[in-house]
Amino acid sequence: MDLRKVKRFIELAEANGLAELEVTSRRGTGDERLDEHVRIVRVPRPLTSGSPAPANAPAQTAEQATAAPGQVVSAPMSGTFYRAPAPGETPFIEAGDTVAVGDVLCIIESMKMMNQIESEVAGQVAAVLVADGVPIETGAPLFRIT
């Protein structure tokens, strides 16, 4: 495969914020055969203390979230955090809502799979610590439940 083509795929992934891009091409007519396969996986870089926080970052840091009273619900996986079942729909929970064990709190999209995250504790939602549509890492604080 032409190196310029690979560079264009990388630029395409970066320009559109894609985490993964896979291209497969097979063509065979007579003696002519072309097999191409490209897989590009971008690993997000964690924010360092000197990096500015993104505009849609939560108001609290992880340290502040864990220092506050109550149980912190952390992300069991990395992916994209969604508060509602679909765009434009009502969020699963809001600050002030009461939740029971097994209630759906949010969705984390990981590897093109929508994973419903259920509460493992009962109580009142004191705070939602992540903005909708934000990429998160495993262990990131999502909610504080008192």
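Me: How many aromatic pairs does the structure hold?
Reply: This is a predicted model: local features need pLDDT of at least 70, side-chain atom pairs count only at pLDDT 80 or more, and totals for chains, interfaces and linings use all residues. Residues are numbered from 1 along each chain as its sequence is written, and side-chain values use heavy atoms, with hydrogens and water left out. Rings of Phe, Tyr and Trp (its six-membered ring) pair if their centres lie within 6.5 Å. On that basis, the number of aromatic pairs in the structure is one.

Me: What kind of pair do the rings of F81 and F143 make?
Reply: Planes under 30 degrees apart count as stacked, over 60 as edge-to-face and the rest as tilted. The ring centres of F81 and F143 are 5.9 Å apart and the planes sit at 50 degrees, so the pair is tilted.

Me: How many residues apart are F81 and F143?
Reply: F81 belongs to strand β4 and F143 to strand β10; strands (E, at least two residues) and helices (H or I, at least four) are DSSP runs, numbered from the N terminus. The pair links distant parts of the chain, and the separation is 62 residues.

Me: Are F81 and F143 buried or exposed?
Reply: Buried means under 20% relative accessible area, exposed over 50%, and partly exposed in between (1.4 Å probe, protein chains only). F81 and F143 are both buried.

Me: In what order do the strands of the four-stranded open sheet come?
Reply: Strands count as paired if DSSP finds at least two bridges between them. β3 (71-74) and β5 (98-99) are the edge strands, each pairing on one side only. Pairing is antiparallel, and the order is β3-β10-β8-β5.

Me: How many bridges join β8 to β10?
Reply: β8 covers residues 123-128 and β10 covers residues 141-145, and the two run antiparallel. V128 has F143 as its bridge partner, while V125 stands opposite I145. The bridge count for β8 and β10 is three.

Me: Which residue in β10 is the bridge partner of S74?
Reply: β3 and β10 also pair antiparallel, over four bridges. The partner of S74 in β10 is P141.

Me: How far apart are the C-alpha atoms of T80 and I107?
Reply: T80 is part of strand β4. Leaving out residues up to four places away in sequence, T80 touches I107, I108, E109, G133, V134 and P135, where contact means heavy atoms within 4.5 Å. T80 and I107 are 27 residues apart along the chain, and their C-alpha atoms are separated by 8.1 Å.

Me: Which residue forms a salt bridge with R83?
Reply: A salt bridge is a side-chain nitrogen of Lys or Arg within 4 Å of a carboxyl oxygen of Asp or Glu. Searching the whole structure turns up one. Its closest N and O atoms are 2.9 Å apart, and the partner of R83 is E94.

Me: Where do E94 and R83 lie?
Reply: The pair ties together parts that are eleven residues apart in sequence. Besides E94, the contacts of R83 include P91, F92, L105 and D132. E94 and R83 both lie in the loop between β4 and β5.

Me: What is the relative accessible area of R83?
Reply: E94 counts as partly exposed, at 34% relative accessibility. R83 is buried, and its relative accessible area is 18%.

Me: What share of the residues in the protein chain is buried?
Reply: The chain comes to two helices and ten strands. It exposes about 9,900 Å² (Shrake-Rupley method, 1.4 Å probe; for residues, only the protein chains shown count as cover), and carbon and sulfur atoms supply 52% of that area. Of the 146 residues, the buried share is 25%.
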